Amino acid sequence: MTLRKVCLMLLCVFLAAGAQAREYRAGDVVVGLGAVFSPLGLGSDWGEVNVEDQTANISHDAKLGQPGMGVEVQALYFVHPRVAVGVGFEDQYFSRDLSSGWELDSSTREHSYMAVGRVYLTPEAGYKLYIPLAVGVSDTDITVDFGPREHFRYTGFAYYAGLGVERPLGERWALGLEVRYNGNKFHDSKNITNGDHVVVYRQDNYISAILRANYRI
C-alpha cells in the first residue's frame, strides 16, 4: 500500500470517526507520527534556488518541483490546557526541482530539528482547532547534476506556522490534520569538479500538509 493510499484512508477515518474525549490538562504528554506532503513551491520570489557559477558567469534558478514527501515525529508537553510545547523532527525529500537557465537535474533533502508549540483555540470541542508554531534548524542537502553530481549541504535557521485541527478517537488516540507555511533561507559555496566556483542561494519556502496520529501517554 502506497503512502498516498494510507494518508487517504487516515483522512477518511479523520472525517468519519470520533469519540468523546476529555480536554487536555497541564502535565499531559502527547507523541505524534505524521505523514508530510508538500505540493506547492511558492514561485521565484518565495521558493527559489539560485545556482551561480561565478567562474563561468552563468546563473541558474530552480523551484521546488515534484511534491515533497516525508515523515515527522513530535513530542509535546502541555503547560496549560490550551498550550503545549515540545520538540519535533522532520525528514522530507523533493525528488526533482524545476529548472531554468541551465538544463540541470537537481533534488533536495531536508532534515529539520525544531522546538515546536501549539496553541489550542477550541480545546473543549470535538474538532480541536489549534495554531502550530516552530523554530529550529534545517539540515539541507542539495544535489545538482553538473556531470558528475555535486552535493551542497548547509544547516541554517528554519521555522513554520499554520493551522491545524485534531479529532479525538478515544481517551488516548487522536488524528490531526495540519496545513502550514515553511521557511528556510541560506547560501553555500564550493569549487565543483571542473574547478569552477559555484554559490547556491537557496530560499526554501513552501506550503505543506501533515496528517498525524497522536497518542496521549
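**Exercise 1. Determine which residues glycine 136 touches, and whether this glycine is buried or exposed.**

Solution. Step 1: leaving aside residues up to four places away in sequence, glycine 136 touches Tyr113, Met114, Gly156, Phe157 and Ala158, where a contact means heavy atoms within 4.5 Å. The model is predicted, so local features need pLDDT of at least 70 and side-chain atom pairs count only at pLDDT 80 or more, while totals for chains, interfaces and linings use all residues. Residues are numbered from 1 along each chain as its sequence is written, and side-chain values use heavy atoms, with hydrogens and water left out.

Step 1: glycine 136 lies in strand β8; strands (E, at least two residues) and helices (H or I, at least four) are DSSP runs numbered from the N terminus. Its C-alpha atom is separated by 6.2 Å from that of tyrosine 159, which is 23 residues apart along the chain.

Step 2: with a relative accessible area of 19%, glycine 136 is buried, because buried means under 20%, exposed over 50% and partly exposed in between (1.4 Å probe, protein chains only).

**Exercise 2. Identify the residues of the largest nonpolar core and the elements that give two or more of them.**

Solution. Step 1: a nonpolar core is a set of buried Ala, Val, Leu, Ile, Met, Phe, Trp, Tyr and Cys residues joined through side-chain atoms within 4.5 Å. The largest has twelve residues: Tyr24, Val30, Leu76, Phe78, Ala84, Met114, Val116, Tyr120, Tyr130, Ala134, Ala158 and Tyr160.

Step 1: two or more residues come from each of β4 (68-80), β7 (106-120), β8 (128-145) and β9 (149-168). Strand β7 provides the largest share, three residues.

Step 2: another core, of eight residues, lies apart from this one and includes Val51, Ile142, Ile192 and Val198.

**Exercise 3. Describe the geometry of the aromatic pair formed by phenylalanine 78 and tyrosine 120.**

Solution. Step 1: rings of Phe, Tyr and Trp (its six-membered ring) pair if their centres lie within 6.5 Å; planes under 30 degrees apart count as stacked, over 60 as edge-to-face and the rest as tilted. The count comes to nine aromatic pairs.

Step 1: phenylalanine 78 and tyrosine 120 are 5.7 Å centre to centre with 35 degrees between the planes, a tilted pair. Phenylalanine 78 in strand β4 and tyrosine 120 in strand β7 are 42 residues apart.

Step 2: phenylalanine 78 is buried at 1% relative accessible area, and tyrosine 120 is buried at 1%. Tyr24, Phe78, Tyr120 and Tyr130 form one aromatic cluster.
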